[in-house]
Amino acid sequence: MTPGTPKHRRLLLFATIVLLVQALFWFGVYQPLLSVQSAGELDRVTFSDIRLAELSAPTLEAAEAATHRTVTLPYTDCCDPVYLSLKLDFVLDEVPEQGLGLLAYQQVDNMILLVNGSVVAADGSMTIGRQTFQGQKGRVVLVPSGLLLTGVNTVSFITVRDGLPYTDLYTPILAPADQVKTWAARRLWQTNESILIGGWTTFILGLFAIVMAFRSQERAFATWLATLCFAWSGLAAYALVLDYPIGGIARIVAFFATNSLLSVALLGFVDAWTRRPLRWLQPGAAAVWLVFVAGTTACLAFVPMPQAYDIPGVAWSALTTFMGAAVVLRLILHFATADEDRRIEAGLLTIVAVCVVLDALGAYFNINEGKYVVDSAPVLLLALVVAFIQRNFTLFRSAMSLNQLLGERLAVREAELAQAHAREREAVRQQAHDEERRRIMRDMHDGLGSQLMGMLLAARRGKADPASVAEGLQSVIDEMRLMIDSMDSVGESLALALTTFQDRVRPRIEAAGFQMVWSIPPEISLPDYSPRTVLQIFRILQEAVTNALKHSGGTRIDIVVGADPDDDTVSLTIRDNGKGISEPGTSGHGLRNMTARANLIGGQLQIDSSRTGTGIDLLLPRYPKEA
């Protein structure tokens, strides 16, 4: 429906969807699957002479000694905690070979079931104040033919009730065992497995809602959803947990609080679901629930039974009915004031509201035992999930297409970035070589040029003796070799540059009559310096070895590479065993160049000279500045 749809059309469409969804649920789901079957098709045994007695203790001896009076079922006893004995006679013309099946559901906390004085069912505790609640769970009891008699037989119930003031006794269903087992299978599934599935489903959904409450921006929606789910799970637990940690008045308070919380949470959830919540509705609903629980607790504590239970019961029925009607009215208001397309979800929410109201009225008028919500939980949750998926299928598909498109664009962008990085790396490398070439040209002009010019002037003046010319030419040759080596590629990493340096310098050192000792630990981790920085390090090593060959007068050159993890530095040392430098502070052109290059890449050059040799230590940070 397009935006701007008239109000009456929106409401008409909403009403139509609600009626269709309600009809589909009640006539297509609830009636065939969840409704209680009639026992009319069973060959039921008729009971006669129904008798009742109050007991001092829940024992067979007390039941046999008690004086029973005739009563009519159904029968309600009130109001104090009580043990009762109920006896029902039935007549068999002949004993069935397969025995009889007995389905007994009495509104008691617990009970002992006997046939002709023999116990056929007795679970849990029967002591008032510590009783368990097996009586709240429907069961089919097989009465074997060996316990039955031709003629008059007696079924006996010994019951206990505490907390809830009313003991409601009904006529049990007794029929041939095969008929009862087949007929009761669906009923027992409804009262056991179905409730268990619904309880666990809503509990897990509630846990997801708690996660949503912490991570979603719609925290009110997630919080009310969690509250609704846990209230639903609480109803299931009330029907299935047979050994409660609490009893008496506390258990009744828990019953009213959980049941009323379901309707209150539903109203808060629907208000948040609209995405246009009324400012006062959610806190108002929570306040009403707190007042109801406080009033129920006070009534049970200070008002005598049965009024202490009846007053909260009527209040709960009225509150739940009001909340269910408020849910429907809130949805009508929303569809009257907003262009809303979530009509199927809204229709399903009205089913929950109707179930809540029917539970309240059913419990008050004793119809379906007030179990519409618990019975319908799995079906409604499944329907809500299907509606959600149907509404968001296009969104999911669009999200998948968008993810695929983004993935393709990301791959293209990564390829472009890789190419740009390669170009930048090559440009940086080329720039480093170009700058080094310019430095070499300056060195050629300042170093080689000045030396050759001095030799030329000396030759013109007639002062160039052969020894001086030979020494000058050797210096020029050494300087040219150093420059040519630097202009060649030394590698893009420090490890590769050191390998290249060792390969090139070893023949030169050994040809000059020196012994070369190369030391680099195999486990050392060398930094990933840029090509420009690597070139500067290579140049410093070259000049240090050249100086040792030219000026040390020794016989050995040690080259040591090390790293200090404490101060995160890398060290390169070139040491000779020559005569040392007489005045290191007045060192020549080569040492000044090495110092300048070290400073350029953020390193430090240290000179250690003595009569036993000279050591050049280059200390580099692991992350130096760019040259």
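Q: What share of the protein's accessible surface belongs to carbon and sulfur atoms?
A: In this predicted model, the accessible surface comes to about 32000 Å². Carbon and sulfur atoms hold 61% of that area.

Q: How many of the residues count as buried, and what makes a residue buried?
A: The cut-off is under 20% relative accessible area. Of the 627 residues in the protein, 46% are buried.

Q: Why are α3 and α4 called roughly parallel?
A: Helix α3 (residues 177–191) and helix α4 (residues 193–215) pack at an angle of about 25°. Angles under 35 degrees count as roughly parallel. The pair is therefore roughly parallel. Their axes lie 3 Å apart.

Q: Which residues make the contact of α3 with α4?
A: From α3 come Leu-188, Trp-189, Gln-190 and Thr-191. From α4 come Glu-193, Ser-194 and Ile-195. By class, three are nonpolar, three polar and one charged.

Q: What makes β2 and β7 edge strands?
A: Six strands form an open sheet, in the order β2-β1-β4-β9-β6-β7, with antiparallel pairing. Strands β2 (69–70) and β7 (118–122) each pair on one side only. That puts them at the edges.

Q: How do you know that β1 and β2 pair?
A: Pairing needs at least two bridges between the strands. Strand β1 (residues 47–55) and β2 have two bridges, in the antiparallel sense. Arg-51 has Thr-70 of β2 as its bridge partner.

Terms used. Residues are numbered from 1 along each chain as its sequence is written. This is a predicted model: local features need pLDDT of at least 70, side-chain atom pairs count only at pLDDT 80 or more; totals for chains, interfaces and linings use all residues. Side-chain values use heavy atoms; hydrogens and water are left out. Buried means under 20% relative accessible area, exposed over 50%, partly exposed in between (1.4 Å probe, protein chains only). Accessible areas come from the Shrake-Rupley method with a 1.4 Å probe; for residues, only the protein chains shown count as cover. Helices (H or I, at least four residues) and strands (E, at least two) are DSSP runs, numbered from the N terminus. Axes are lines fitted to C-alpha atoms, for helices over the stretch in contact, and angles run from 0 to 180 degrees between N-to-C directions. Angles under 35 degrees count as roughly parallel, over 145 as roughly antiparallel, 65 to 115 as roughly perpendicular and the rest as oblique. Contact means heavy atoms within 4.5 Å. Ala, Val, Leu, Ile, Met, Phe, Trp, Tyr, Cys and Pro count as nonpolar, Asp, Glu, Lys and Arg as charged, and the others, Gly among them, as polar.
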